[in-house]
Amino acid sequence: MSLNIEKIRSMFPVLHQEVHGRPLIYFDNAATTQKPKSVIDALSRYYEFDNANIHRGAHALADRATRYFENTRESIRDFINAREEAEIIFTKGTTESINLVAATFGRKFIHKGDEILISTMEHHSNIVPWQMLCEEKEAILKVIPITEEGEIIWESFLQLLTEKTKLVSIVHASNALGTINPIKNIVAKAHEVGAKVLIDGAQSTSHLDINVQELDCDFLAFSAHKLYGPTGLGVLYGKREVLEIMPPYQGGGEMIKEVSFENTTFNEIPFKFEAGTPNIGDVIAFKKSLDFIKEIGKSDIKSHEDDLLQYAANGLNEIKGFIPVGTAKEKVSVISFNIQGMHPFDVGMMLDAKGIAVRTGHHCTQPLMQRFGLEGTVRASFAVYNSKSEIDQLVESVARIAKIKNK
Ligand code: PMP
C-alpha cells in the first residue's frame, strides 16, 4: 500500500517552513526525527491541565498524570512486544540506557578477565561505557571487525565469542552506514556461550518491527526522539529475570520500598531503576508518537523508506565523484557518502544553502570512520514524511556540487 505522504506531512508543523529561502528538506532523521502535532499538543495539554507528580499523589491530577504515564509504558510494551510492563524502564535516552546496564549489570556481573564484545560500527555511546567498565574491572573489550561493505564478519564474531564473553552489546542498525545486523542470530549464538545481549535499537526501532520475545535479547536500548517523540527520553527494556538480579542504578525517591538509616529496601522493577521524578510530560506525549507509528503501520513505513532508499541510491550512484560509504545488503534508510575531492562539511554547507538538512562528520562513530580511513561522511537519512520529489532535489544538488571537482 502506498502512503499518503502529503497527509502525513501535514501532521508535522516544522516541515512547513523555508530555510535560506528554500522549502526545508529534512534529511537528518537519524540524528532526530520531527514531531507530529499530536505529540506537541499532548505535551502542552499535560502542562495546561494535568501537571502533577506521579505514583504518590492522593488527588485527581496525580491520579490522571499517573494513569497517562503508565499508559505510555503499556504502549511501549506493546510496541516491542515485551512480556510485561515491568520490563520497561524509562531513561533519558539510549545513552543512559546503556550506561544503566554498564553501571548495574556490568558492575555486578563483569569481573577481571571477562570479555565484552561490541562491533566496529558502534556509536560512541555503545563503546565508551564499556571502556570505562573494563578499566574499572580489568575486563577486556573485544571488537567484531566489519567488511568493506560495512557488514560484520560472521566468522570473526564466532571466533571472538568464547566462554569468557559475558556480554555482547551491538547496534541493530548503524546510524552511520545504515547496516542492519543479523541480531536474532547474534543473540542465539551469544546465548550458547552464556553471554547476555544488549541491542542498541536507537536506529532500528523507527524503521523495523521489533519483537523482543522473538529476538530473545536480554536488553534493548532506544530513544524517543528518534521515534517521532520528545528529546531527553529513552527506554531500557530488560528481561525480568535479568533486571531482578541487577542492583539499582541511582538512589533516591521512587526506587525504594522502605528507608531507615540502618537499612533500605528497594522497590519492584521497573521502579527500582527509576529514582526521582521522571520526565512525566515527555513520557505522556511519547504515547502519541507510538500511536502515530501504529496508525501508519511499521510495514508500510518500512516499504516507503526502502523505496526512498533505493530511489536515492539509484540517483546518487550515477553521479561522477559520488562515493558511497556502507553498501550492506540489509539497510535502513541511511545513505552515507563522500564527494571525491571535497570535505564532507563543505558538501553539507552547500546542501544547507539549498534548504537540504543532512548530517556531516563522524556521526559519533570515530572508530568506524578510522576503519574506512575517513574523517567523516555526509549522511542523508529518510523518515516516513520524506518524498521522492525531495530526493530528486537532493540528487540534483549533489550532482551540481560534485561537478565542481569532478568535471
Ligand atoms: N546509538 C545509536 C546507533 C545512535 O544513532 C544514537 C544517537 N545518534 C545513540 C546510540 C545515542 O542516542 P541518544 O543520544 O538519544 O542517547
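Author: We begin with burial: a residue is buried if 20 or more other C-beta atoms, placed from the backbone, lie within 10 Å of its own, exposed if 12 or fewer do, and partly exposed in between. Helices (H or I, at least four residues) and strands (E, at least two) are DSSP runs, numbered from the N terminus. The model is predicted: local features need pLDDT of at least 70, side-chain atom pairs count only at pLDDT 80 or more, and totals for chains, interfaces and linings use all residues. Residues are numbered from 1 along each chain as its sequence is written.

Reader: Which residues of helix α7 are buried?

Author: In α7 (residues 183-192), the buried residues are Ile-183, Ile-186, Val-187 and Ala-190. They lie on the same side of α7 because they cover an arc of only 100° around the axis, the arc being that of the directions from the helix axis to the C-beta atoms. Exposed Asn-185 and Glu-192 are carried by the face turned away from that buried side.

Reader: What covers the buried residues of α7?

Author: Two residues are in contact if their C-beta atoms, placed from the backbone, lie within 7 Å. The cover of the buried residues of α7 includes β7 (165-171), β8 (196-200) and α8 (212-215). Just after α7, Gly-194 has a positive phi of about 85°.

Reader: Is Asn-53 buried, exposed or partly exposed, and what does it contact?

Author: Asn-53 is partly exposed, because 15 other C-beta atoms lie within 10 Å. Asn-53 sits in the loop between α2 (37-50) and α3 (60-80). Beyond its neighbours within four places in sequence, Asn-53 contacts Ala-62 and Thr-277. The C-alpha atoms of Asn-53 and Thr-277 are 7.2 Å apart, although 224 residues separate the two along the chain.

Reader: How is the protein divided into domains?

Author: Domain bounds come from an automatic or database domain assignment. Here they give domain 1 (5-30 + 297-405) and domain 2 (40-294). Their centres, taken over C-alpha atoms, are separated by 28 Å. The contact involves 24 residues from domain 1 and 22 residues from domain 2. On the side of domain 1 that touches domain 2, α11 (298-317), β14 (334-339), α13 (366-371) and β17 (377-381) give two or more residues, and α11 gives the most, with 4 residues.

Reader: Which residues are closest to the ligand?

Author: A residue is near a molecule if its C-beta atom, placed from the backbone, lies within 6 Å of it. The ligand is surrounded by 13 residues, the closest being Gly-93, Thr-95, Asn-175, Ala-202 and Ser-223.
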